[in-house]
Amino acid sequence: MNEERVRDILRGVEDPALGDDIVSLGLVNSIELDGDAVTVDLALGAPYSPVETDIANEVRELLETEGLDVELAANVDRGIDPDEEVLPGVENIIAVSSGKGGVGKSTVAVNLAAGLADMGASVGLFDADVYGPNVPRMVESDERPQATPDETIVPPERFGMKLMSMAFLVGEEDPVIWRGPMIHKLITQLVEDVEWGRLDYMVVDLPPGTGDTQLTLLQSVPISGSVIVTTPQEVALDDARKGLRMFGKHDTPVLGIVENMSGFKCPDCGNVHDIFGSGGGQRFADENELPFLGELPLDPDVREGGDTGQPVVLDDDSDTGEAFREFVRETADMQGIVHRQRTANR
């Protein structure tokens, strides 16, 4: 067995999203052989995404069939100068955004982060909605951040997620009044002075709109992908278009559109009622040639989970929980596609 033979074997592994084998796409970074032991470094950058997990498993199975002892590694070039890394231990930073308030953006962000952590990923949840921070309530986190002797911040953890929010730093009922320069300083401190450690994903809950907080993050943090949340109604879609243009101006990859509150299933009659219309998110995604990440139903369990701090994505017995889990899987898969497509285009 030699390196060329290993490469020939790996040509049998196809990337289902990019439509070619992983060798031709340049997704095999390196192969190291030592007797019957082989280490393969793959250009996979979305840990625990179903598609990348399947690719890695197929690589392992094919090589083990040849009698090899297989060790896999995963590394992608994110195009960032190591000297300019703001969060060197964080592999992916996913921003959850909406053009307007009231569409359930924070609910989506919390369930995305909790769902990724439940899959096995190391996750941080950064509540950057400085004007209306409510993530701590939505995960029932009463623990406060701790300070180290070096004056860095140790974030509390909940459901396997490291948490940071403006709500930890102000009184529960205190109004938050910030001007642009203050927001820039605050966001920079909450990003750089927090001991986030090594994370597969950081999920950032942005405030609604396209203001100072969003611009600060887009200019100072290497966002690897964004999710745009909308409801089916045209008023929400009008504002979602503004958010889409904001990400476009900053060359931030949009992983897709998710439609929240897409339909209400009556518990009495079993019929689904389109309270906010239907199909708006899918149409918006199609119009802009973007992936559609799924429909999340309007369900009292979602509201209850947010109020009691139990994300519905963790409810294995709920159809709504499964809808959120499918959204999490789609989002992770799309983050992987962004990385692999960039590698293949080099």
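Predicted model: local features only at pLDDT ≥ 70, side-chain atom pairs only at ≥ 80, totals over all residues.
Residues are numbered from 1 along each chain as its sequence is written, and side-chain values rest on heavy atoms, with hydrogens and water left out. Local features require a pLDDT of at least 70 and side-chain atom pairs a pLDDT of 80 or more, whereas totals for chains, interfaces and linings use all residues.

Rolling a probe the size of a water molecule over the atoms shows where empty space is left. The search used a 1 Å grid over the protein atoms alone; a cavity is a set of points where a 1.4 Å probe fits but cannot get out, and a pocket is an open set with protein on both sides within 12 Å along at least five of seven lines. Lining residues have an atom within 4 Å of a point. Grid points are joined across faces, edges and corners, and a volume is the space filled by probe spheres set on the points. Helices (H or I, at least four residues) and strands (E, at least two) are DSSP runs, numbered from the N terminus. In the residue classes, Ala, Val, Leu, Ile, Met, Phe, Trp, Tyr, Cys and Pro count as nonpolar, Asp, Glu, Lys and Arg as charged, and the others, Gly among them, as polar.

The second largest pocket holds about 350 Å³ of space. Its lining consists of 18 residues, and L44, A46, P47, E52 and A74 are the ones nearest the centre. Helix α2 (50–65) and strand β5 (69–74) each contribute at least two lining residues, with α2 giving the largest share, four residues. Ten of the residues lining this pocket are nonpolar, three are polar and five are charged.

Two cavities of 30 Å³ or more were found in the whole structure. The largest cavity has a volume of about 50 Å³ and is lined by T107, V110, N111, M138, V302, G305, G306, P311 and V312. Helices α3 and α9 (300–308) are the elements that give two or more residues to this lining. Five of the lining residues are nonpolar and four are polar, with no charged residue. By class, the lining of the second largest cavity comprises three nonpolar, two polar and one charged residues.

Helix α3, which contributes to the lining of the largest cavity, covers residues 105–119. The 15 residues of α3 reach 21 Å from first C-alpha to last, close to the 21 Å expected at 1.5 Å a residue; the expected span is 1.5 Å times one less than the number of residues. Of these 15 residues, 13 are buried (buried means under 20% relative accessible area, exposed over 50% and partly exposed in between, with a 1.4 Å probe and protein chains only). Just after α3, G120 takes a positive phi of about 120°. G104 counts as buried because its relative accessible area is 18%, and its C-alpha is 6.8 Å from that of N260, 156 residues away along the chain.

Most residues other than glycine have a negative phi, and most peptide bonds are trans. F159 and E289 each have a positive phi of about 55° although neither is a glycine. F159 is placed in the loop between β10 (157–158) and β11 (161–165) and is partly exposed, at 26% relative accessible area. R158 lies over the face of F159, 4.3 Å from the ring centre; the criterion is NZ of Lys or CZ of Arg within 6 Å of the ring centre and within 35 degrees of the ring normal. E289 is found in the loop between α8 (280–287) and β17 (292–296) and is exposed, with a relative accessible area of 74%.

Two further pairs link separate parts of the chain. N92, in strand β6, is buried at 0% relative accessible area. The C-alpha atoms of N92 and S224 are 5.6 Å apart, at a sequence separation of 132 residues. L215 belongs to helix α6 (residues 212–220) and is partly exposed, with 29% relative accessibility. Between L215 and M246, which are 31 residues apart along the chain, the C-alpha distance is 8.6 Å.
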